[in-house]
Amino acid sequence: MTKKATAGAQAQVSGVLGIDIGGSGIKGAPVDLRTGTLLAERVRIPTPEGARPEDVTAVVAELAGVFPDTSGPIGVTFPGIVRGGVTLSAANVDKGWIGLDADDRFSRAVGRPVTLLNDADAAGLAEARFGAGAGVPGVVMMLTFGTGIGSALMYNGVLVPNTELGHIELNGREVEPWASGAAKDREDLSWKQWAKRATEYLEYLERLFSPDLFIIGGGLSKKADKWQEYLKVKTPVKPAGLQNEAGIVGAALMASERRG
Ligand code: BGC
């Protein structure tokens, strides 16, 4: 167990455990589902090089061991399409995930039922319930800009899963490698330059979906003061209220709702 994970092992907490599998880190924490807040400090373990199924599964089991007092199923996010517990795409992780019954694999490794869902869907659900989308009726679209671009589409708080809008084409190119957080870093774009691309993308989505609200999440949501003035479209745009915790909270939410 890593040093950080051992420190978290002292936590005597209940709540539902949410685990968020990301491109650079796998993070877990128990969640209070009445408030959408974390009941203990989140524990982060770096994503194993290559993000192969067996290595990621071992980290998920390690994180579950850090919070043994959490009850019932565990919610886990995955950065790809998830249908019926099976992972069906792997844009930024090992291709061995494609077609894998990951839900079953995690459940066996952890020894508790696991509910698996797409990472952006989890973040969107959490934001719709507790964050920037709370109380907003109509069509809410969440976009996460990180290693990839994730999307979640909600109508009156009900999710349409696996929308994968980071992979649409705009001006003859796929949007994800052009406008993600990773693209900003790779091409050393200024906030203004990145926001210009994101604006073009949001304008396109506006024409397709007529949303009532866009929520911007992922690592960039912490730095809203840097991009907010440049990211102007007709639809209101809000940074994610739960920031980096949205995936964990949404995973726990889904796990508890599937159980009930
Ligand atoms: C994947 C999505 C995921 C997003 C953010 C994309 O490449 O296809 O499923 O939500 O990255 O991780």
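Domain bounds here come from an automatic or database domain assignment. Domain 1 (3–121 + 245–259) and domain 2 (132–241) both give residues to the lining of the largest pocket, so the pocket lies between them. The model is predicted: local features need pLDDT of at least 70, side-chain atom pairs count only at pLDDT 80 or more, and totals for chains, interfaces and linings use all residues. Residues are numbered from 1 along each chain as its sequence is written, and side-chain values use heavy atoms, with hydrogens and water left out.

**Largest pocket**

- A pocket is an open set of points on a 1 Å grid over the protein atoms alone, where a 1.4 Å probe fits, with protein on both sides within 12 Å along at least five of seven lines.
- The volume, the space filled by probe spheres set on the points, is about 940 Å³.
- Its lining (residues with an atom within 4 Å of a point) has 45 residues, and F145, G146, T147, G218 and G219 lie nearest the centre.
- Among the elements giving two or more residues are β1 (16–21), β2 (25–32) and α9 (246–259).
- Helix α6 gives the largest share, four residues; helices are DSSP runs (H or I, at least four residues) and strands are runs of E, at least two.

**Ligand**

- Surrounding the ligand are 13 residues, the closest being N118, D119, E164, H167 and E176; the cut-off is a heavy atom within 4 Å.
- Ligand oxygen atoms lie 2.7 Å from a side-chain N or O atom of H167 and 3.2 Å from one of N92.
- A polar side-chain atom of E176 is 2.7 Å from an oxygen atom of the ligand.
- The ligand alone exposes 310 Å², of which the protein buries 94% (Shrake-Rupley method, 1.4 Å probe).

Note on methods. Polar contact = N/O pair within 3.5 Å; in protein donor to acceptor, adjacent residues only side chain to side chain.
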